[in-house]
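Me: I would like to go through the assignments in this model one at a time, with each value set against its criterion.
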Amino acid sequence: MTTTDDLLTPVVDNDGAPFWEYAARGELRVQACADCGELRFPPRPCCPHCHSFASEWRLMSGKGVVWSYVVPHPPLLPAYAAQAPYNAVIVELADAPHIRLVGNVVAAAGAALDSVDPGRLRIGAKVQVTFTELPDGTTVPRWLLERP
């Protein structure tokens, strides 16, 4: 992670670049082996199942469940302290249960990290992906509760 305006932003490498390019288009895609079909995340050059270097990017439904979450407490980086309390979640994808992504649950696309009361979060809560462009131009997946 790097910082932009004191916010942590993803470091885009060659293996993960397509993930971020698809996110900028509003698509949640996961890398898959083009030979054996196994999904993998984080992206990497070689399939851990069959060792193939062939890959493709599969479109996901964007649905998932909160697998785990935390509410960070101070001391925090100043940009995050100003938004506390907020959540950091791990979402398990509905159409790829062994794939889990880290993010935040927000009230609406582009909403602040503190836009959802942490008391509303529950493990197993259904969520749907949304996308937010950060100040550095990177678009990240965030999550909306299916039942607000």
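Me: What is the bridge partner of Lys63 in S9?

Reply: In S9, Lys63 has Gln128 as its bridge partner. This is a predicted model, in which local features need pLDDT of at least 70 and side-chain atom pairs count only at pLDDT 80 or more, while totals for chains, interfaces and linings use all residues. Residues are numbered from 1 along each chain as its sequence is written, and side-chain values use heavy atoms, with hydrogens and water left out.

Me: What makes strand S6 (residues 63-70) and strand S9 (residues 126-133) a pair?

Reply: Strands are DSSP runs of E with at least two residues, numbered from the N terminus, and two of them pair if DSSP finds at least two bridges between them. S6 and S9 have three bridges, in the antiparallel sense, so they meet the criterion. S6 also pairs in the antiparallel sense with strand S7 (residues 88-93), over six bridges, and there Val66 stands opposite Val91.

Me: Why is Cys47 called buried, and why is Cys36 called partly exposed?

Reply: Buried means under 20% relative accessible area, exposed means over 50%, and partly exposed lies in between (1.4 Å probe, protein chains only). Cys47, at 1% relative accessibility, therefore counts as buried, whereas Cys36, at 37%, counts as partly exposed.

Definitions and conventions: Helix = DSSP H or I, 4+ residues; strand = E, 2+ residues; numbered from the N terminus.
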